[in-house]
Amino acid sequence: MFAWWGHAVVRLRWAVLAAALVVVAVGSTWGTGVFGQLTGGGYDDPASESSRAAERITAELGPQGADLVVLWSSDGATVEQATFRDPVTATVTGLRGHPEVSSVTTWYDTQAPALLSTDRRATYALVQLRAADEDGKTAAYEDLRPALTAPGVRTEVGGAVAFLHEANRQTTEDITRAEILSMPVLLVLLVLIFGGLVAASTPLLIGGLAVLGAFVAVRLVNLVTDVSIFAVNVITLIGLGMAVDYALFVVSRFREELAAGHDTPAAIRRTMATAGRTVLVSGLTIALAMASLLIFPQAFLRSMGLGGMAAVLVAMLAALTVLPALLAVLGHRIDALRVPLPWRRRTRAGRPAAGETGGAWARIARSVMRRPVRYLVAVTLLLLVLAAPFLRITFGGFDERVLPADAAPRVVSERIAAEFPGGTVAPIDVLVSGASPAQVQPFADRVAAVPGVTGVQVAASRGASTLLTVTYPGEPTGDVAQDVVRTLRDLPAPAGAEVLVGGRPGADRDLLDSLGDRLPWMALLMAAATLVLLFLAFGSVVLPVKAVLMNMVSIGASFGVVVWIFQDGHFADLLGFTPTGFIEPSNPILMLAVLFGLATDYEVFLLSRVREEWDRSGDNTASVAAGLQHTGRIITAAALLLIIVVAGFASGAMAYIKLIGIGMIVAILVDATLVRALLVPATMRLLGRWNWWAPGPLGRVYRRYGIRETADPEPSPREPALTR
C-alpha cells in the first residue's frame, strides 16, 4: 500500500503541491481568523456543584460576586482624607454610570471592615460587570480599564476577570516569544543536521503547512462547538514539532535511498514503504493520545485535545503527501546548497556511506548488545531516582502566583491577603435555597463555627433563596480554603432546603475531583490505543506492552523533576517563579498526553527499522544493533529540534508555561537518550526472539490486517518519468 502511495504521489506531484498552496492561502487568511473566534476560560465542569451553584445564584438572586477588585492606596493619606476620598468617590460615580458595569460596592457605602486596610491607607471596590460570559467580561474589562484609575491615588486592578485577562495575555506573549526565538535556531540546527540549505528548509515548510492547516481544521470545528484559545498553543507546539520530526525522518530516508543508487521515483517509493509507514503509525498513535483529553468535561482540556489532534494529523498528512511530492520535484537537488561540514564523511551524493558500520551510534549499539544487563540495571536505577519525587506530588488549583511578581492581579491578591481583615478576594459562595431568612440564620451560625472560617455575611436574599459569602485566611487554592469547602459541603442543610457550595475555592475543589476521576480512564485509553496500533505495526504483543512501560518510565522521570523543581521550589530564583507547594493538575495531564505520544513516536522510529532488519535477517541481536545504528542519529536530532521548539517555554514569565517547557525538555532528553538509545535496545537484546512473539490467533490477525510493507517493494511496471 505504501509503495503504491509513493508511486501515486510521484504521478500527482504537481496537483499535490498546488493543493498545498491552496491550504497555505486559506490557512494564512481564513484560518488565522480563528484567533478572533475562540473562547477564553473553560476551566469548569458544567456538572460540578460549583457550576450549578453559579447558575442557580444568577437565576434566583441575579448576578452576584465581584468580577473586578479595584485597589486604591496612598502612601500618605488615609481613606477619610479629601485627597484620597474625593478622587476615589468620583471614580466610583463614573463607574456606576458606565454601561458595562452592573454594580460597585465600596467601603464608603457599606463601611464594611473587610474593605478597609488595617492602616486605613488603602481600600478596594468590588465591581460587577453586566456581561454574562467570560469572553464578554474580558472584553468589557479592556474597555473599562482607563475608567478605573483614580487621579492622584495608586490604582491596581485584580479579581477573576483581570487575572484571566492577564494570564491569557502573558501566555500568548510567552508562546509568541518562544516561537520567534526557536525558528532561527531550528534553521541553523537543520542546516547542521542535513548539511545543506535546501534539505534543511523542508521541515520548516512542512511545519508551517501543518500549523496553518490545523488552524483551518480548528476553525471548522469551532463552527459546530466552542473551542478554547488554548487549542492554538498546542497547535504551534505539536504542529511544528511533529512536522519537523516527520520531515526529518522522511528526508533522511529519501537521501539514504538516493545514496544507495536508486533513482528519484524508486527512492520515493521505497521511502514511503518504510519511513512513510512509520510516520502513519506515529501520527495515529499521537493523535489518539491527544484524543484522550476529550474525555474531560473542561472545555480548555478538550480544546487542547482537538488542537493537538488537528496539528499532528495535518503534519502527518503533509509528510505523506506534500513532502514526497516536493522531493519528487527536487530529486537529487535536495542536496543543493550544501554547507561544508568537515566532521561528516560523505559520498558523492553528500550522505554517509551506505552500509557504514563505524560511527558513535554503531559503537553504542555494539556496546549495548555486549552488556545489556549492565545497561538495563544502570539506566533503570537512574530513572527511578529521577522519578522518586513524583511519589510525593501534591495537587492544587492555580492562583495569581503563576503570574510574574509585579503583575497587578497578583499584587492585589497578595496585598489584600496581607493588609486587610478577612484577607481574600475570592470568598466561598454558599447558596441556601428553599429556606426563610429565619431558617438560614442558625445555618449561618454553624458555618461561622467551621474551623478556618473568618467571617460569614449575607450577600443577597430574595424570597426563599439566600447567598452567604464565607471568608478564610490564605489563598483560594490553599489547604485552609479547600478544607473549609469540604466541611461546608458536609454540613446538614436546613430542613426542606438545598445548599450548594461554590465560588472560586469550590471550583478549584471540583476541578481537582473531576480531573482525578477521569485520569485513570485517560491513561487506559492511551495505553489501549498504543497497544493496538503497535501490534498492527509490528505483529508482536511483547513490544507494545514494553513500549507502554518504557513510556511511563520516561514520563515518570520528567514528572519527578517537575515536582522537585516546581513543588519543592528548587531553582525558583534562577528560573523566576514562586513555588506554591503543589502542582496544578491540568499541566501534568496535558504533559502526559503530549509526552506519551512523543515517546511512542521515538519508539516507532526505532522499532520500524529494527523490524525491517528482522524481516530481512531473522537475527534479533543484529537487527536491534542495526536499528539503533540507523535511527540513533535521527532520533537524537529529532529530540534536539523538538527541545528547541519548547525551550522558549522555559523562559516564559508564566509559571505553568515554565513547568510545561522544563518538563517536556527533561522528558525528551531522557526518552531520546537513556530510554530509546540504551534501555529499549538492552531489553530487546535480552528478550531475543520473544520480542516478536504473538499467539497464533493474533498472528493471523497481523498477517491479514497489519500495517506492514516490505522494505524492498516491487518496482512499478510503469514508473512515471520526472519531466519538468
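Hi everyone, let's start with a histidine: H165 is buried, its relative accessible area being 18%. Keep in mind that this is a predicted model. H165 belongs to helix α7, residues 160-194. If we set aside the neighbours within four places in sequence, H165 touches T138, Y141 and E142.

Now to the sheets. Going along one of them, you'll find 4 strands in the order β2-β3-β1-β4, an open sheet with antiparallel pairing. At the edges are β2 (101-105) and β4 (154-158), and each of these pairs on one side only. From one strand to the next, the twist averages 25°. Helix α4, residues 82-96, packs on this sheet and touches β1, β2 and β3 (122-129), with its direction at about 160° to that of β1.

Let's zoom in on one pair of strands there. Strand β1 (residues 68-73) and β4 run antiparallel and are joined by 5 bridges. Across that pairing, L71 faces E156 in β4.

Which residue does E156 form a salt bridge with? The partner is R415, and the closest N and O atoms are 3.1 Å apart. E156 sits in strand β4 while R415 sits in helix α15 (residues 408-419), so this pair ties together parts that are 259 residues apart in sequence. Both residues, E156 and R415, are buried.

On to the other sheet I'd like to show you. This open sheet also has its strands paired antiparallel, 4 of them, in the order β6-β7-β5-β8. Here β6 (455-462) and β8 (498-502) are at the edges with a single partner strand each, so one side of each has no neighbour in the sheet. Ignoring direction, neighbouring strands are turned by 20° against each other on average.

β6 and β7 pair antiparallel over 7 bridges, and G455 has T471 in β7 as its bridge partner. These two strands make a hairpin with 2 residues between them, where G463 in the turn has a positive phi of about 60°. Then strand β5 (residues 428-433) pairs with strand β7 (residues 465-471), again antiparallel, over 6 bridges.

What lies across β5, β7 and β8? That is helix α17 (residues 479-490), running at about 10° to β5. Within α17 you can see R486 and D483, 3 residues apart, or about one turn of the helix. Their side chains meet in a salt bridge at 2.5 Å, N to O. R486 is partly exposed at 36% relative accessible area, and D483 is partly exposed as well, at 38%.

Staying with charges for a moment, how many salt bridges does the structure hold? The count is 29. One of them joins R611 to D615, with 3.0 Å between the closest N and O atoms. These two are 4 residues apart in helix α21 (residues 586-617), which puts about one helical turn between them. R611 counts as buried, at 11% relative accessibility. There is also a network of salt bridges linking R253, E256, E257, R270, R609, E612, E613 and R616.

Last stop, the surface. V22, V26, W30, L220, L223 and V224 make up a nonpolar patch there, with about 580 Å² of accessible area together. Take V224 from that group: this valine is in the loop between α8 (197-222) and α9 (230-259). Is V224 buried or exposed? At 72% relative accessibility, V224 counts as exposed.

Thanks, everyone, and I'm happy to take questions.

Note on methods
Residues numbered from 1 in each chain as written. Predicted model: local features only at pLDDT ≥ 70, side-chain atom pairs only at ≥ 80, totals over all residues. Heavy atoms only, no water. Pairing = 2+ DSSP bridges. Axes fitted to C-alpha atoms, helices over the stretch in contact; angles between N-to-C directions. Contact = heavy atoms within 4.5 Å. Patch = residues over 30% accessible without salt bridge, like charges linked within 9 Å, V, L, I, M, F, W, Y side chains within 5 Å. Areas by Shrake-Rupley, 256 points an atom, 1.4 Å probe, with all protein chains shown as cover. Salt bridge = Lys/Arg side-chain N within 4 Å of Asp/Glu carboxyl O. Buried < 20%, exposed > 50% of the residue type's maximum accessible area, 1.4 Å probe, protein only.
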